[in-house]
Amino acid sequence: MTEFAAAAMASGAQLRLRQLTKAFGASQAVDRISLDVPAGAFVSLLGPSGSGKTTTLNLIAGFLTPDAGDILLDERSIADVPPHKRNIGMVFQSYSLFPHMTVAENVGFPLRMRTRLSRQAARQRIDEMLALVQLGHLGTRYPRQLSGGQQQRVAMARALVSHPRLLLMDEPLGALDKKLREQMQVEIKRIHRSVGTTVIYVTHDQTEALTMSDLVVVMHQARVSQVGTPRVLYEAPANLFVADFLGDSNLLTATIAHVSGDELAVEIGNGEKIRAARGTSAAAQGSRTVVLIRPEDISLTATDERTAGQDVVAGTIKDISYHGDTFKLDVALGADMLKVKVPRERGAGMERGQKVFLTWNSSVVRLLPAADRTSDASGEDER
Amino acid sequence: MSATAGRLGLSAAVLAVLIYLIFPVIVVVAISFSSGNFLVFPPPGFSLRWYESIAGDPEWVNALWVTLKVGSLSALIAVLLGVPAAFALVRHVIPAKALLSALILCALVTPPIVTALSTYLFFVPLGLVNTVVGLACAHAVSGMPFVVINTSASLRSADINLERAAVIHGAHPLWAVLRITLPIISPGIVIGAIFAFVHSAHELLVATFVLGGVGKPVAVKIWSGVQATSDPTIAAASAILIGLAIFTFASAAATQSLAKRRTA
Amino acid sequence: MTALAEPRAAPLLRPALSSRGRMLPALLLLPCLAWITFFFLAPLVLMCWRSLASEGFSLEPYGVLFTSPLFTKVMITTVRTAAITTVFALLLAYPLAYALTVSGGKVRALILVFTLIPYWVDIIVRSFSWLILLGDNGMVNKALMALGIVSAPLQMLYNPFSVLLAMVQILLPLTTVTLFGAMLRIDRTLITAAKIHGASEWHAFRTVFFPLSLPGVYGAGLLVFVLALGFYVTPALLGSPRETMIAQTIMVEASQLLDWPQASAAGAVLLIITTSIAAIYNRYFSLDRLWGGSDK
């Protein structure tokens with residue numbers, strides 16, 4: 001268990017979802033989702049719209065009743081507990097601050113509803129919370145007088161004031177512009193570390209999920225596609241959808257050419273054979289598969305500088321685009337097109353039509369199942 | 001055809017139609033202040049005598065009083081029944097929702113004579129003829145669509161997350177509806193109630209059948225007046241109805257903008 | 001890393017949702033629907049019943065309806081008047097609704113207020129104001145004579161002209177607002193796109209906006225037609241006996257002749273006609289979208 005978990009165990013709840021299911025009419029919104037969330041963790045539900053992440057959040061909150069399955073908070077089932085009794089805090093994309101109450105009154109609202117704290121004690125808690133979100137001086141203002149970022153911080157203070165063991169966040173930064181969003185991401189993480197509550201964070205922005213979370217749950221078409229730490233998801237995706245959804249990717253159809261012991265080689269589109277990481281997927285010689293190579297893992301040279309143990313393939317640059325700190329190149333390899341990302345100095349001399357040599361470490365060539373139930377086999381492009 | 005010519009043409013057409021719409025209203029109001037004895041426009045002079053004669057005539061005063069009672073009661077019933085119905089239609093998943101909302105709106109497209117005749121036949125054995133309550137109950141049916149439509153519109157544009165924010169942080173769901181959502185949608189409810197009231201005040205045929213005798217409302221009295229008399233009393237009575245409607249609407253609008261200023 | 005993948009299969013807990021949650025929408029709707037059923041639907045059923053049975057079961061009143069020259073003439077007059085009213089109401093409402101659609105905030109609000117003010121005046125008064133204006137001594141005749149266009153007052157009352165003039169005026173606000181609501185839903189960027197590709201204002205209107213507005217026109221037309229069929233006050237006040245519409249006939253049957261079965265039969269026929277048309281409307285346009293754009 002990591003250090004955050006140990007410290008946070010006292011203030012964060014453990015959350016379990018068991019075969020949670022919800023349908024709206026004919027469409028399945030959430031399909032047998034099971035999840036174990038350790039106490040105090042910051043967990044993101046990441047996925048495209050329609051993947052079921054917001055529905056899952058609303059089920060945890062209690063605004064929707066599941067068709068089947070259970071929700072356990074600290075090992076006790078809360079599926080039959082009405083939302084106002086679940087002792088959860090929640091932050092919404094539209095802030096949802098009560099317009100006719102001051103900031104202090106907004107923050108104090110859960111205390112009025114849930115506890116019997118004296119005025120003084122409540123006052124103290126409210127001040128504590130406002131200090132935590134760094135808005136101590138704005139207690140008497142009204143929400144309409146605050147900026148978007150400030151309103152969201154008030155919303156967080158309100159959600160945390162009664163020390164809930166679970167905090168739900170529904171795309172809270174969606175309404176903010178890029179710079180503010182990045183600042184708020186740091187803020188939210190800082191608050192999480194201070195308070196130690198368990199956080200479930202819904203987002204469609206993979207950068208947000210990767211930078212903020214202890215664990216990411218990638219959702220796709222009402223199901224869980226993969227669960228893991230950001231690094232595991234990015235570097236060892238379990239299926240096509242996750243590989244494509246997170247970061248840029250090159251997905252090449254290939255046939256397994258050779259399997260022996262630790263070694264694995266695949267034959268890609270242009271007939272060349274390259275080595276791949278063994279991975280966990282069963283690999284039978286001759287079977288079709290998909291390999292993933294991240295653009296930033298590919299090195300580009302103008303001349304063939306191959307060293308032993310490395311695969312090198314030759315290609316032609318079809319397009320270059322400048323991205324300030326990097327160049328992104330489209331390199332044609334027979335029928336395949338590979339995206340390559342190189343640092344600025346590297347790409348500076350390159351031009352369209354130039355013949356180049358691509359090389360990489362065989363450990364970054366990952367095998368993916370050719371098709372499985374959580375990947376959109378029909379719709380996905382394999383580039 | 002050039003754009004400006006088209007725009008000019010459109011403006012001219014619009015102006016003409018608006019005059020066509022407004023003018024008769026102006027006529028009525030003007031005549032109500034007429035110093036002459038006949039229904040002529042433009043009136044010969046200014047006078048308040050017709051308003052005075054209404055104020056002094058116990059039958060007219062009673063009629064206005066009846067209209068007020070029936071209108072308020074039917075609007076109240078429409079609100080008490082229509083607001084929950086609007087919540088059900090907007091917030092919940094219901095089988096055959098389209099059919100149910102069509103049922104609620106039915107009353108507005110049914111010919112008034114059919115409603116009047118059927119209501120009368122129904123009320124006679126129930127003993128509801130010649131009662132204010134009876135007429136109010138009947139008018140409530142046609143007031144309900146106005147309340148449901150306007151409340152639904154308000155509900156749809158209100159942010160449901162405000163209510164959810166209250167509930168998740170400890171408020172009982174009913175408390176959240178009453179103290180958070182209801183104030184937000186009150187403009188819609190009030191507008192619906194006003195429309196229901198005005199509709200009741202103007203309604204003629206059901207009123208004629210159900211309450212056309214001694215305790216008749218203003219609309220019925222105006223109708224019999226129009227066919228019998230030819231003096232501007234009728235105009236004055238109508239102007240009073242107009243004034244009442246405008247007053248209610250204006251005060252509602254004022255309270256709403258006050259509320260908006262507080263919460264914007 | 002801590003195990004977070006799909007845990008070992010657990011038995012399905014908890015059956016379907018609580019019965020309390022299921023019942024709420026029904027409880028909210030029930031009072032409203034019960035009221036309407038009791039105070040609206042039950043009377044209609046009763047009326048239809050009375051049309052068939054006064055002394056024993058008999059279809060005679062319906063027979064009279066379809067054979068009597070009086071009734072057939074009145075029905076024809078009613079349908080004809082309603083149809084003409086609908087056409088003119090649509091013709092006048094269209095430019096008004098279009099102006100509302102293309103106008104900015106203040107102008108739009110102003111036009112809307114003026115369009116809706118007449119609504120606050122009841123039908124009786126609006127009809128009888130025409131009585132004043134169109135009479136022999138009325139303003140219109142006086143103006144015409146003063147301008148020398150005519151030498152004797154024109155007979156403008158107690159004929160189809162006065163009835164139609166008043167009916168169109170009375171139904172105009174609703175037609176306009178309904179059309180406006182429909183027009184608002186048309187994607188204006190389509191017109192901009194047309195103009196960018198060289199269409200003139202008029203051409204863009206004719207080929208893009210107008211066809212897209214037609215469903216709204218049909219919808220508003222159906223609505224106005226249904227309402228016009230049931231008109232009572234206006235033809236009674238401004239029309240001669242030749243312009244009698246069905247509502248007046250039913251009134252006479254009921255209140256003067258006290259022939260309840262006959263009145264009920266006529267009422268039932270009128271009800272069936274209007275319900276059928278409303279059902280057609282509902283099928284294509286959905287009744288509750290009617291007032292979607294007319295929020296005041």
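**Exercise 1. Cysteines**

How many disulfides does the count give over all chains? Work it out for this predicted model, using B:Cys106 as a test case.

*Solution.* 
Step 1. Take the cut-off: two cysteine sulfur atoms must lie within 2.5 Å.
Step 2. Look at B:Cys106. The cysteine sulfur closest to that of B:Cys106 belongs to C:Cys32, at 12 Å. That is too far for a bond.
Step 3. Turn to C:Cys48. The nearest cysteine sulfur to C:Cys48 is that of B:Cys106, 12 Å away, and C:Cys48 is in no disulfide.
Step 4. State the total. The count over all chains is 0 disulfides.
Step 5. B:Cys106 is partly exposed, at 25% relative accessibility. C:Cys48 is partly exposed too, at 29%.

**Exercise 2. Domains of chain A**

Find the domains assigned to chain A, and say how far apart their C-alpha centres lie.

*Solution.* 
Step 1. Read the assignment. Domain 1 of chain A covers 2-235. Domain 2 of chain A is written as two stretches, 248-295 and 312-368.
Step 2. Take the C-alpha centres of the two domains. They are 39 Å apart.

**Exercise 3. Strand 11 and its partners**

Which strands of chain A are joined to strand 11 by 6 bridges?

*Solution.* 
Step 1. Start with strand 14 (residues 288-293) of chain A. Strand 11 (residues 250-260) of chain A runs antiparallel to it, with 6 bridges. Here A:Thr255 stands opposite A:Arg288.
Step 2. Go on to strand 12 (residues 263-268) of chain A. Again 6 bridges join it to strand 11 of chain A, and the two run antiparallel. A:Ile256 has A:Val266 as its bridge partner in strand 12 of chain A.

**Exercise 4. Two helices in chain C**

Describe how helix 2 and helix 3 of chain C meet.

*Solution.* 
Step 1. Recall what to report. Two packed helices are described by the angle and the distance between their axes.
Step 2. The axes of helix 2 (residues 60-67) and helix 3 (residues 69-102) of chain C come within 5 Å and cross at roughly 65°.
Step 3. List the contact. Helix 2 of chain C supplies C:Val64, C:Leu65, C:Phe66 and C:Thr67. Helix 3 of chain C supplies C:Pro69, C:Phe71 and C:Thr72.
Step 4. Sort by class. The contact has 5 nonpolar, 2 polar and no charged residues.

**Exercise 5. An arginine in a helix**

Is C:Arg126 buried or exposed?

*Solution.* 
Step 1. Locate C:Arg126. It is in helix 5 (residues 123-134) of chain C.
Step 2. Apply the cut-off. Buried means under 20% relative accessible area. C:Arg126 has 4%, so it is buried.
Step 3. Look around it. Beyond its neighbours within four places in sequence, C:Arg126 contacts C:Pro118, C:Tyr119, C:Val121, C:Gln169 and C:Ile170.

Conventions. Residues numbered from 1 in each chain as written. Chains lettered and ligands numbered in written order. Predicted model: local features only at pLDDT ≥ 70, side-chain atom pairs only at ≥ 80, totals over all residues. Heavy atoms only, no water. Domains from an automatic or database assignment. Buried < 20%, exposed > 50% of the residue type's maximum accessible area, 1.4 Å probe, protein only. Axes fitted to C-alpha atoms, helices over the stretch in contact; angles between N-to-C directions. Helix = DSSP H or I, 4+ residues; strand = E, 2+ residues; numbered from the N terminus. Contact = heavy atoms within 4.5 Å. Nonpolar A, V, L, I, M, F, W, Y, C, P; charged D, E, K, R; others polar. Pairing = 2+ DSSP bridges.
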